[in-house]
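Open the model in your viewer and keep the selection tool at hand.

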Amino acid sequence: MQGNSRISGRSKERYISYRCGQKDRGIKCNNKEVRREYIEAFVLSELQNKLFNDDIIPVLTEKLNAHLAANDKVRDDEIQHLKA
């Protein structure tokens, strides 16, 4: 997918959409362009449903803590290596 921007209509509003990147390469694609507003609204609603709900917060917190602990271990190993 790639962005496509153009000015259209009598009001000369900027129309921004996403379309299949293969169209520019001359490959036939039957997918229609989708307005940016629709895609952004969909992505934000999915983020709200999947990430920002109360049921998933403990799982995300646990994964974040595990990631931070792994990074601390790597840093400790680097510090020991530099001291040596």
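Select Lys50 first. Lys50 counts as exposed, with 54% relative accessibility. Glu46 is partly exposed, at a relative accessible area of 27%. The two side chains meet in a salt bridge, 3.8 Å from N to O. Why can they pair up along the helix? Lys50 and Glu46 sit four residues apart in helix 1, so about one helical turn separates them. Keep in mind that this is a predicted model.

**Next: the other pair in this stop's helix**

Select Arg36 and Glu40. Their side chains also form a salt bridge, 3.6 Å from N to O. Look at the spacing. Arg36 and Glu40 are four residues apart in helix 1, which means that about one helical turn lies between them. How open is each one? Arg36 is partly exposed, with a relative accessible area of 29%. Glu40 is partly exposed too, at 40% relative accessibility.

**Next: helix 2**

Move to helix 2, residues 57-83. Select Lys73 and Asp77. They form a salt bridge, and their closest N and O atoms are 3.3 Å apart. The spacing is four residues in helix 2, so about one helical turn separates Lys73 from Asp77. Lys73 counts as exposed, at 51% relative accessibility. The cut-off for exposed is over 50%. Asp77 has 44% relative accessibility, so Asp77 counts as partly exposed. How many salt bridges are there in total? The count comes to five. The pairs you have selected are among them: Lys50 with Glu46, Arg36 with Glu40, and Lys73 with Asp77.

**Next: a nonpolar patch**

Clear the selection and turn to the surface. Select Phe42, Val43, Leu44, Leu47, Leu51, Phe52 and Leu60. These residues form a nonpolar patch on the surface. Together they have about 650 Å² of accessible area. Which element gives the largest share of the patch? Helix 1, residues 36-50, supplies it with four residues. Zoom in on Leu44, one of the patch residues. Leu44 lies in helix 1. Its relative accessible area is 59%, so Leu44 is exposed.

**Next: a loop contact**

Select Glu33. You will find Glu33 in the loop between strand 2 (13-19) and strand 3 (34-35). Glu33 is partly exposed, with a relative accessible area of 26%. The side chains of Glu33 and Ser17 make a polar contact at 2.6 Å. How far apart are these two residues in sequence and in space? Glu33 and Ser17 are 16 residues apart in sequence, and 6.1 Å apart in space from C-alpha to C-alpha.

**Last: the whole chain**

Zoom out and color by secondary structure. The protein chain has two helices and three strands. In what order do the elements run? Start at the N terminus and follow the chain: β-β-β-α-α. Next, color by accessibility. Of the 84 residues, 10% count as buried. Finally, display the contacts. Among contacts with a separation of 6 or more, those between residues 24 or more positions apart account for 4%.

Notes: Residues numbered from 1 in each chain as written. Predicted model: local features only at pLDDT ≥ 70, side-chain atom pairs only at ≥ 80, totals over all residues. Heavy atoms only, no water. Patch = residues over 30% accessible without salt bridge, like charges linked within 9 Å, V, L, I, M, F, W, Y side chains within 5 Å. Areas by Shrake-Rupley, 256 points an atom, 1.4 Å probe, with all protein chains shown as cover. Salt bridge = Lys/Arg side-chain N within 4 Å of Asp/Glu carboxyl O. Buried < 20%, exposed > 50% of the residue type's maximum accessible area, 1.4 Å probe, protein only. Contact = heavy atoms within 4.5 Å. Polar contact = N/O pair within 3.5 Å; in protein donor to acceptor, adjacent residues only side chain to side chain.
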